[in-house]
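Q: I have a structure open and want to go through it bit by bit. Can you help me read it?

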Amino acid sequence: MPYSHLNDYPAAIRERAARIRLACFDVDGTLTDGRLTFDSSGREYKSFHVQDGQGLALLRKVGIEVHFVTARGGAIAAHRAAELGASSHGDVKDKLVCVKLIAESLGLSLEQVAFMGDDLADLRILPHVGLAVAPANAHPWVRERVHWRTVARGGEGAARELCDLLLGAQGHAEDVLNGALG
């Protein structure tokens, strides 16, 4: 059965998605639900959605680079990125500068970059990338400045929606589905 949801997306979004070779994701509020949990010793905890992780791994499998770009530091995001074979950039003061450097190192233009973010630290980069995306619960200032918003909230499958869009728009969804079906 062919990937049936691709036509649910506007043609302009499918066209943008077809050009993406680098997918960058904010972490807190995008790959997580945005809550920061600390124990009595000050250790930080975050929860990531397993379906998002599967989508990120699938992107890498088809040759789309995956990078986490977060204003917060910490080992948790770096550990999750490493677990998925992605790259992590923490304590980023200017996400536009960071993503430009990543794209240049890969020989890509910003038109070939998708960026998903949810809050003020993500605003500067959004007008410069080929596909700017926000999870459903992103701050309104971000939601009004992206090309597309997911149905899912951050940390609840929003990244997977973007991954599935990229896979479908680039003709990889059928192979992924066939591989899963055996």
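Q: What kind of model is it, and how are residues numbered?

A: It is a predicted model, in which local features need pLDDT of at least 70 and side-chain atom pairs count only at pLDDT 80 or more, while totals for chains, interfaces and linings use all residues. Residues are numbered from 1 along each chain as its sequence is written, and side-chain values use heavy atoms, with hydrogens and water left out.

Q: Start with the sheet. In what order do the strands come?

A: Six strands form an open sheet in the order S5-S4-S1-S6-S7-S8, and the pairing is parallel. Strands here are DSSP runs of E with at least two residues, helices are runs of H or I with at least four residues, and both are numbered from the N terminus. Two strands pair if DSSP finds at least two bridges between them.

Q: Which strands stand at the edges?

A: Strand S5 (87-89) and S8 do. Each has a single partner strand, so one side of each is left without a neighbour in the sheet.

Q: And S1, what does it pair with?

A: S1 (residues 22-25) pairs with S4 (residues 65-69) in the parallel sense over four bridges. Four bridges also join S1 to S6 (residues 113-116), again running parallel.

Q: Which residues are bridge partners there?

A: Phe25 has Phe68 as its bridge partner in S4. In S6, Ala23 is partnered by Ala114 and Cys24 by Phe115.

Q: Which way do the S1 residues point?

A: Leu22 and Cys24 point one way from S1, while Ala23 and Phe25 point the other way, and all are buried. Buried means under 20% relative accessible area, with exposed over 50% and partly exposed in between (1.4 Å probe, protein chains only).

Q: What about the faces of S6, covered or uncovered?

A: Both faces of S6 are covered. Val113 and Phe115 on one side and Ala114 and Met116 on the other are all buried.

Q: How many bridges join the other pairs, S4 to S5 and S6 to S7?

A: Three bridges join S4 to S5, which run parallel, and Val69 has His89 as its bridge partner in S5. Three bridges also join S6 to S7 (residues 131-134), in parallel, with Leu131 in S7 as the bridge partner of Ala114.

Q: New topic. Where does Lys95 lie, and is it buried or exposed?

A: Lys95 lies in helix H4 (residues 95-105). Lys95 is buried, with a relative accessible area of 3%.

Q: What does Lys95 touch?

A: Not counting residues up to four places away in sequence, Lys95 touches Asp26, Val69, Thr70, Ala71, Phe115, Ala121, Asp122 and Ile125. A contact means heavy atoms within 4.5 Å.

Q: How many aromatic pairs are there?

A: The structure holds one aromatic pair. Tyr9 and Trp148 form it, edge-to-face, at 5.5 Å centre to centre with 75° between the planes. Rings of Phe, Tyr and Trp (its six-membered ring) pair if their centres lie within 6.5 Å; planes under 30 degrees apart count as stacked, over 60 as edge-to-face and the rest as tilted.

Q: Where do Tyr9 and Trp148 sit in the chain?

A: Tyr9 is in the segment before helix H1 (11-18) and Trp148 is in strand S8 (residues 148-149), so the pair links distant parts of the chain, 139 residues apart. Tyr9 counts as buried at 13% relative accessibility, and Trp148 is buried with a relative accessible area of 11%.

Q: What lines the largest cavity?

A: Leu31, Phe48, His49, Asp52, Gly53, Leu56, Phe68, Arg80 and Leu84 line the largest cavity. The largest share of that lining, three residues, comes from H2.

Methods: 1 Å grid on protein atoms, 1.4 Å probe; cavity = no way out; pocket = protein on both sides within 12 Å on 5 of 7 lines; lining within 4 Å.
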